[in-house]
Amino acid sequence: MKHTGLKNNNKNPVQKEYARLSQEYDDKWSFYIKATLQKTLKKIELNSGDRLLDIGCGTGALLEAIEKRYPDAILAGVDPTREMLDIAGKRLSNKVHIEQGWAEKLPFEDETFDIVVCCSMFHYIREPMVALNEIMRVLKPAGRLVITDWCGDYMICKIYDLFLRVFNKAHFKTYGKRACHKLLFLSECYDIKVERYKINWFWGMMTATARKKVFYLEKMGDAVEISGK
Ligand SMILES: C[S@@+](CC[C@H](N)C(=O)[O-])C[C@H]1O[C@@H](n2cnc3c(N)ncnc32)[C@H](O)[C@@H]1O
C-alpha cells in the first residue's frame, strides 16, 4: 500500500473521526454497510480488465465484494484516513491498489477509470464541485459514476444532518435528490439517475448514477458534445 497525497497528521476532523472509529467501524455499522453495499453493487457492472476506483473506500468492504464478483477487474481505493486503509489493506488482496488521499485531490492520472464509486462519503466533502471535477478528470470519457449516500429528503435524515452540522466537526452536508441531480448536471454528466430508498426506519438513502460526457473536436476546432442529452 502506498500512502501518498495529503499528510495523515490527524489534524483534519474527518481523519480524527475515522482514526477513532476505525477499529469498531465494521462491527458497529455492519447492518448499514451491508445494506448500502448491496444497493451500490447493483449499479456496478464490470468487464474483464475494467478499472474501478472507490473513493472514501474506508475499511474496504465494497472493494472486497467487488473483487469477489469481478476477479478480473482492476480495482483501486482512496481514503484520507490511514487507520481505515490499514484495515482495508488486510482484508483485500494485494492486487487492489490502495492510496491515501482526498476526493478533492485524487492521486491518479487523467482518464484512468471506467467507473468511480463513492459510498457513504459524499456528506463529508467540503467542496463538492471540486471533488466532482476531480472525479470527471480521472474517469474515461463515458465512464460511470455511482454515488450512494444519505438522502436529506427524508425528514429524519434532514434532522440528523442539522444535528451533525452543529455537533460533529467531520460532517459537512447531506443532499436531497434535486440537489444531487443538480451537482451532477453542473459537472457535465449525462444519463443522470437518482433513486431514493429506505434501508430501515431511520436511514433514508439515495444512489445516483451518471456518465461523464464525451466531447470530440470538430474540423473547425470547436468542442462539440456528442453524448450528452
Ligand atoms: C462512512 S465511511 C464509508 C466507508 C466505506 N465507503 C463504506 O461504505 O463502508 C466514510 C469514509 O469516507 C472517508 N472520507 C471522508 N471525507 C473524504 C474525502 N473528502 N475524500 C475521500 N474520502 C473521504 C473517511 O475517511 C471514511 O473512511
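**Helix packing, sheet and ligand shell**

User: How do H2 and H3 pack, by angle and axis distance?

Analyst: Helix H2 (residues 30-41) packs with helix H3 (residues 61-69) at about 45°, and their axes are 10 Å apart. Helices here are DSSP runs of H or I with at least four residues, and strands are runs of E with at least two, numbered from the N terminus. Axes are lines fitted to C-alpha atoms, for helices over the stretch in contact, and angles run from 0 to 180 degrees between N-to-C directions. This is a predicted model, where local features need pLDDT of at least 70 and side-chain atom pairs count only at pLDDT 80 or more, while totals for chains, interfaces and linings use all residues. Residues are numbered from 1 along each chain as its sequence is written.

User: Which residues make the contact?

Analyst: H2 gives Ile-33, Leu-37, Thr-40 and Leu-41, and H3 gives Ala-61, Leu-62 and Ala-65. Contact means that C-beta atoms, placed from the backbone, lie within 7 Å.

User: Now the sheet. What is the strand order?

Analyst: The seven strands run S3-S2-S1-S4-S5-S7-S6 in an open sheet with mixed pairing. Strands pair if DSSP finds at least two bridges between them.

User: Which strands are at the edges?

Analyst: Strand S3 (97-100) and strand S6 (189-198), each pairing on one side only.

User: What does H3 touch there?

Analyst: H3 packs on the sheet against S1, strand S2 (74-79) and S4, with its direction at about 180° to that of S2.

User: And which helices supply the ligand shell?

Analyst: Helix H1 (13-28), H2 and H3 each supply at least two residues of the shell.

Key
Two residues are in contact if their C-beta atoms, placed from the backbone, lie within 7 Å.
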